[in-house]
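Please look through the sequence and the model below.

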Amino acid sequence: MSAPVEVYVYDLSKGLASQLSLQLTGKQIDGVWHTSVVVFGKEIFYGQGICEAEPGRSHHGSPLRVIAMGDTSIDEQTFVEYLDQIKEHYTADKYHLLDFNCNSFTNDCLGFLTGGSLPSYIKDLPSDFLSTPFGAALRPTIDAMFKGRASTGVLTPPPDLPTTTDPANSALTSSLLQAVAAGATSNGSGSPSSSRNYLPTPAPTSPPTPVQGNSLTTPVHIATNPSSFHNVLRTHRAVVAFFTSATCGPCRMIEPVFEELAKSKSRANDVAFVKIDLSVGMSSAVGGEYGVRVTPTFILFLDGNKTHEMKVDLLLYQAFPPHPHTALSLPAIEAIPLNAILFSQVPNLDVVLTKVTGFIDAVPSWSGSATKEATKQILAKNMIPYLKARGSSSPPNISFEPWRDATISLAANLSAGELFPVADMWRVALLQPAVCGWSATKLGPESPILVLLSKAEDAPRNYTLTLLKMISNAFANKVIARELLLSSRSSITALMVAALLHDDATVRLAAASLAFNMAAHLQRLRVEKVRGNAEGDDVSEDEDWDVEMTSALLEGLEREKANEEIVHRLTASLGLLIRLSPSIEQLTSLLEVLQAQKILKDKLEKGGCGDAGVVKKEVRKLIEEVATKLCP
């Protein structure tokens, strides 16, 4: 079931910012905004670590305003696991009023829960403030307050204010700044979760509380989402971005050097050093924006524009290739896009519904958890309307659980020949991120994908074709692809291998597409594993499967005499499968025995694929490269 998500907005200045900002800064600032995210009956915010309270019962009191952010399909347990994942970064000692604050946390949570973000008037407040002469002059004072807190756990009282401050306003500015900072970082009546590294606020007369975890004792900015990173870019002329990850060994070696460099070279509003941990929050979106897939990576920015990039791990990867094929120049294979091949054509959904309804009505005796009438209602009132609204800015907010119940009942009562419209609906549904997200968490025996796959044996052409397309679309989601290879690799492979030898070229093309999607998924993981990245740890290798797939692809290639696109997809699949396979010794012998090089080169000759052989230049280059560089 979905849950509503809200943002509570508070003014830490208690109205003083609205009254005094024009006088102090020359710019109207309506509030010093603190935010929290409210979901699953809890108000969650960042100050003294990640804290929870009953909505509206934190020390901030009643919110000034409540912003509805839509609904989330994420369940509470998954959200709790997410908070546990990011707790190491949202610790009390890392809080900074301008650079890493409650709004950074709220924005991360919103991105995870709904894909949304805070309004710009909240996100842009630090840069708006710093764009004024008063804000720029006050920046060192604020930095000093929070730098002291990182080492003691206690906010350092504001030092003497900059000389540019009007003496008449100095006392007011100092007290206002201290009040805002204390309000932002205190916990009050909020009830922190003991599992989230809560650091209690010391009493004024108490000795400093030791800081837990890794302190931000150098002027290194932490960015966990695009908004916080873009804010650093907007407010500094020169930015050095350090992309890292928790499992990156070289990153841990480099980090102390990076911090020392930040300590000696950082200059307020001029030079900033930023750390982006790709495993935390929405940091992966920052990495994706700049094409970062390898850690450690350093990117330099000047006036917000990327100027230089250095991939440290990639340098080591190229100098010491761990797999024999990494030393080869394979431009054609490396140019292959690893995006999944999708079947996105949408049929007339009303016709599809009519077909399924007719099949349902013809069943004399119905069994299953969903009755015949309930199944028809789920299709007509739930599934079809959702699919019709695809691409809409506000798709229907519905539960996908009834879809599963209906699919299980349909599979129990209809033959494979009658099920193809159902598989076609799921093919279209799996193009939708929300459906993929739900499906990724429901990949047990009653998963709709696996229920429909179980009907594949001896199925007629229409069902086989639709099922191949549906599973191909499923492989566009990394989580689903991983789980399918772990739980159902043999079943999917059996379907694909048989379809590669089908009399119908359309079925063979769909099978070649599925083969490519499987090989591309493994290729991505193998590349990451070779580079030492955490994502590569998900690869599940199977030597027997590599042998079976290689044999099947070569047989399909040898038999394919007419369709150049099928030859293209099979060759690409073969190249990706062989390139970084850990079973390369066994595959090399197999390729030699099966005369793989000859099979491939024959496709370039007259009659090998059409009257003239393969015609497209890029396909010919790929075939030649796989044949001569990867096949003995």
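Contact here means that heavy atoms lie within 4.5 Å. Helices (H or I, at least four residues) and strands (E, at least two) are DSSP runs, numbered from the N terminus. This is a predicted model, in which local features need pLDDT of at least 70 and side-chain atom pairs count only at pLDDT 80 or more, while totals for chains, interfaces and linings use all residues. Residues are numbered from 1 along each chain as its sequence is written, and side-chain values use heavy atoms, with hydrogens and water left out.

The protein holds 27 helices and eleven strands. Of its 632 residues, 51% are buried, where buried means under 20% relative accessible area, exposed over 50%, and partly exposed in between (1.4 Å probe, protein chains only). Among the contacts with a separation of 6 or more, 73% are between residues 24 or more positions apart.

Consider helix H3 (residues 102-113). Its twelve residues reach 16 Å from the first C-alpha to the last, close to the 16 Å expected at 1.5 Å a residue; the expected span is 1.5 Å times one less than the number of residues. Eleven of the twelve residues of H3 are buried, so the helix is largely enclosed by the rest of the structure. The buried residues include Cys102, Phe105, Cys109 and Leu113. At the start of H3, a side-chain oxygen of asparagine 101 comes to within 3.0 Å of the backbone nitrogen of asparagine 103. After H3 comes glycine 115, which has a positive phi, near 80°.

Helix H24 (residues 564-579) can be checked in a similar way. Its 16 residues should span 22 Å at 1.5 Å a residue, and the end C-alpha atoms are 22 Å apart, which agrees. Of these 16 residues, 14 are buried. The N-terminal end of H24 is capped by asparagine 563, with a side-chain oxygen 3.0 Å from the backbone nitrogen of glutamate 565.

Two packed helices are described by the angle between their axes and the distance between the axes. Axes are lines fitted to C-alpha atoms, for helices over the stretch in contact, and angles run from 0 to 180 degrees between N-to-C directions. The axes of helix H23 (residues 543-559) and H24 come within 10 Å and cross at roughly 155°. H23 is therefore roughly antiparallel to H24 (under 35 degrees counts as roughly parallel, over 145 as roughly antiparallel, 65 to 115 as roughly perpendicular and the rest as oblique). Residues of H23 including Trp545, Met549 and Leu553 meet residues of H24, among them Val567, Leu570 and Leu574.

For helix H21 (residues 489-500) and helix H22 (residues 505-530), the axes come within 8 Å and cross at roughly 140°. That angle makes H21 oblique to H22. Among the residues making the contact are Ile492 and Met496 of H21 and Ala511 and Met518 of H22.

Valine 292 sits in the loop between helix H10 (283-289) and strand E10 (297-302). Valine 292 counts as buried because its relative accessibility is 8%. Leaving aside neighbours within four places in sequence, valine 292 is in contact with Phe243, Leu278, Gly287, Thr297 and Ile299.

Conventions. Polar contact = N/O pair within 3.5 Å; in protein donor to acceptor, adjacent residues only side chain to side chain.
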